[in-house]
Amino acid sequence: MKKSKYTYLKDGFEGILYDTESEDDRLLIVIQGLKGLELPEKYAGLFAKKGYSVLAMTYYGAPGLPDTMRAIPLEMFQTAIDRMKKYGSGKYRRFGIYGNSKGAGMALLAASVVPDISLVIAASTFGHIMQGSGKADLDPCKAMVSYRGKDFPYVSNAHMFSNFLKRCIKEHHMRVLYFFEEWEKNGTIENEIPVEKICGDILFLTSTHDESVPSKHDSELLMERLKRENFTHGYRHINSETGSHNLGYFPVNNGALPREKKFPQECQKAREDTLEIILKTLSSWSVADL
């Protein structure tokens, strides 16, 4: 296996390519919700062992990129794919993207503006685009993402943090889920992720007991959007009744979630089952047989 590193300042995207040196023309982009490449690289290592070439990417926090979730330039994904098309004398012809949590929403957003992406796997996603974090003069684009300098419709963060704190006090718990629920409460059709613009199959993976993001609700919302827009590619939503927020392969911090502490074996089994679904989807490059 051959590894190649790319930086945003030099190449227009930040990532590490795991080239399996096989004749497979598929390349899977992997992103996660946290800064840096440490977690995406763990996924890249796993999928590379399964025979897939993988580009582990990070989309904020690297030199040249926004340090917070504000005006993240989605064009970097097109730049990355254009670069990968030239790799190995045009080895890669099919491109997919896989993301977990915040990375799942980013994967859907990236695919909505990059027509080369023909498969999206979104595990525990959010459904609406939020106003970005940071100071008001940080960037003229105010949404969490931008594309070629243009803003996206977004949910305002006005009063969101104070409402989140009130909810935490009321429930006697500090949970990320409450923040996302405040976010979704103010969402509209206009600021939903425009999943109908994706040029390939989409797989949503969720859990009824997600304690971090209302991913089941949001994925149902996006499935309805696809149906309403007469989406012509395949799309599936598979929900786990036993798992936690951390579905599929999730190598770190599982014990930090309340459900993982209470039902560790059930959550582990759900991760294993979900990973099998992911691998089956990658094998067929389709959701048709799920």
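Biologist: Why is aspartate 19 called buried?

Modeller: This is a predicted model, and in it aspartate 19 has a relative accessibility of 5%; since buried means under 20%, aspartate 19 counts as buried. The residue is found in strand β2, which covers residues 14–19.

Biologist: What makes the approach of aspartate 19 to lysine 91 a polar contact?

Modeller: The side chains of aspartate 19 and lysine 91 are joined at 2.5 Å, and a polar contact requires a pair of N or O atoms within 3.5 Å, so the pair qualifies as a polar contact. The side chain of aspartate 19 is also joined to that of tyrosine 92, by a polar contact of 2.9 Å. Leaving aside neighbours within four places in sequence, aspartate 19 is in contact with Met1, Lys2, Ser53, Tyr87, Lys91 and Tyr92.

Biologist: Which residues of α2 are buried, and what do they pack against?

Modeller: The buried residues in α2 are Leu39, Pro40, Tyr43, Ala44, Gly45, Leu46, Phe47 and Ala48. They pack against β2, β3 (26–31), β4 (53–58), β6 (94–100) and α9 (264–284).

Biologist: Why are β1 and β11 said to stand at the edges of their sheet?

Modeller: The sheet is an open one of 8 strands in the order β1-β2-β4-β3-β6-β7-β10-β11, and its pairing is mixed. Both β1 (2–6) and β11 (235–240) have a single partner strand each, so one side of each is left without a neighbour in the sheet. On average, neighbouring strands of this sheet are turned by 15° against each other, direction ignored.

Biologist: How do you know that β7 and β10 count as paired?

Modeller: Strand β7, residues 117–123, and strand β10, residues 201–207, share 5 bridges in the parallel sense; two strands pair if there are at least two bridges between them, so β7 and β10 count as paired. Helix α7, residues 215–228, lies across β10 and β11 and runs at about 155° to β10.

Biologist: What makes β5 and β9 edge strands in the sheet of 3 strands?

Modeller: That open sheet has the order β5-β8-β9, with mixed pairing, and β5 (72–73) and β9 (150–151) each have a single partner strand, so one side of each lacks a neighbour in the sheet. Strand β8, residues 145–147, pairs with β9 in the antiparallel sense over 2 bridges, and serine 146 stands opposite aspartate 151 in β9.

Biologist: Why is tyrosine 98 called buried?

Modeller: Tyrosine 98, found in strand β6, has 0% relative accessibility and therefore counts as buried, the cut-off being under 20%. Leaving aside neighbours within four places in sequence, the contacts of tyrosine 98 include Tyr43, Phe47, Ile121, Leu247 and Ile278. The side chain of tyrosine 98 also makes a polar contact of 2.8 Å with the side chain of asparagine 100.

Biologist: What makes the phi of serine 124 worth a remark?

Modeller: Most residues other than glycine have a negative phi. Serine 124, however, has a phi near 60°, a positive value in a residue other than glycine. Serine 124 is found in the loop between β7 and β8, and it counts as buried because its relative accessibility is 1%. Tryptophan 285 likewise has a positive phi, near 55°; its place is in the segment after α9, and with a relative accessible area of 10%, tryptophan 285 is buried.

Biologist: Which residues have the most contacts inside the largest nonpolar core?

Modeller: They are Phe77 and Leu108, in a core of 58 residues, to which helix α4 (residues 102–113) gives the most, with 8 residues. Apart from this core lies another, of 29 residues, among them Leu46, Tyr52, Leu203 and Val287.

Conventions: Residues numbered from 1 in each chain as written. Predicted model: local features only at pLDDT ≥ 70, side-chain atom pairs only at ≥ 80, totals over all residues. Heavy atoms only, no water. Helix = DSSP H or I, 4+ residues; strand = E, 2+ residues; numbered from the N terminus. Buried < 20%, exposed > 50% of the residue type's maximum accessible area, 1.4 Å probe, protein only. Polar contact = N/O pair within 3.5 Å; in protein donor to acceptor, adjacent residues only side chain to side chain. Contact = heavy atoms within 4.5 Å. Core = buried A, V, L, I, M, F, W, Y, C linked by side-chain atoms within 4.5 Å. Axes fitted to C-alpha atoms, helices over the stretch in contact; angles between N-to-C directions.
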